[in-house]
Amino acid sequence: MGSEGPKAVTIHVTGFKKFQGVAENPTETIVSKLKDFVEKRGLPPGATLGSCTILETAGDGALPLLYQTLESCISKTDISSHEQIIWLHLGVNSGAPKFAIEQQAVNEATFRCPDELGWQPQQVPIVSEDGGTTRARETSCCIEEILKFLKKKDFDVTISDDAGRFVCNYVYYHSLRFAEQKGHKSLFVHVPLFSRINEETQMHFVASLLEAIASTCY
């Protein structure tokens with residue numbers, strides 16, 4: 001029948017609850033409202049918004065929910081469908097003036113303050129089987145293409161190679177490792193506070209980010 005249609009892509013999104021120093025986490029608001037927002041706006045052909053989950057802002061103690069989220073997305077996918085699954089994690093960088101697409105995560109947990117479950121590791125490997133704290137894992141998403149797509153829509157966005165050493169990096173490292181093992185993809189994007197970039201703009205940014213991912217991650 002000639003050319004095939006677009007490859008099916010399902011994007012599962014996570015955000016975080018509040019944590020020390022950030023009483024209102026914008027990613028909790030964004031992820032809570034994303035389903036309705038995307039329903040009204042629509043996504044490109046072949047793209048589906050999957051689960052939207054709010055994670056505890058914690059490392060070790062929050063792993064069961066993270067893996068439950070990651071695993072449930074796989075179990076819902078028909079292996080024979082060759083559907084591409086992408087996990088999109090959103091976190092806040094309270095000092096940032098713009099959006100940042102994170103290129104990699106590093107195998108190091110050094111928490112500047114205790115997480116919401118009271119854990120505060122220092123220079124600990126996130127996954128000890130992966131070796132030392134210098135080990136990094138990179139996303140297989142086409143971040144240069146995603147950046148180009150978002151810049152064309154006039155969003156103030158950059159590529160970052162340092163996701164910090166706190167919970168965002170911790171979750172991203174686990175997710176990248178899991179995605180690689182399962183043949184899928186993972187991406188982490190930092191957003192600023194709503195006082196820097198307002199909620200409406202951030203909702204439009206994340207919806208455009210979904211479009212960018214769907215049209216560039218083959």
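**Cysteines and aromatic pairs**

A: Zero disulfides turn up in a search of the whole structure, a disulfide being a pair of cysteine sulfur atoms within 2.5 Å. Cys168 is in no disulfide; its nearest cysteine sulfur, that of Cys113, is 11 Å away. Cys168 counts as buried at 11% relative accessibility (buried is under 20% relative accessible area, exposed over 50%, partly exposed in between, with a 1.4 Å probe and protein chains only). Cys142 is partly exposed at 28%.

This is a predicted model: local features need pLDDT of at least 70, side-chain atom pairs count only at pLDDT 80 or more, and totals for chains, interfaces and linings use all residues. Residues are numbered from 1 along each chain as its sequence is written, and side-chain values use heavy atoms, leaving out hydrogens and water.

Now the rings. The whole structure holds 12 aromatic pairs (Phe, Tyr and Trp rings, the six-membered one for Trp, with centres within 6.5 Å; planes under 30 degrees apart are stacked, over 60 edge-to-face, the rest tilted). Trp87 and Phe178 are edge-to-face, with centres 5.6 Å apart and planes at 75°. Trp87 sits in strand S3 (residues 84–92) and Phe178 in helix H4 (residues 167–182), so this pair ties together parts 91 residues apart in sequence (helices, H or I, of at least four residues and strands, E, of at least two are DSSP runs, numbered from the N terminus). Both Trp87 and Phe178 are buried.

Phe99 and Phe205 are stacked: centres 3.6 Å apart, planes at 5°. Phe99 is in strand S4 (residues 99–102) and Phe205 in helix H5 (residues 199–216), so the link spans parts 106 residues apart in sequence. Phe99 is buried at 1% relative accessibility, and Phe205 at 0%.

Ring pairs also join Phe19, Phe111, Trp119, Phe166 and Tyr170 into a cluster.
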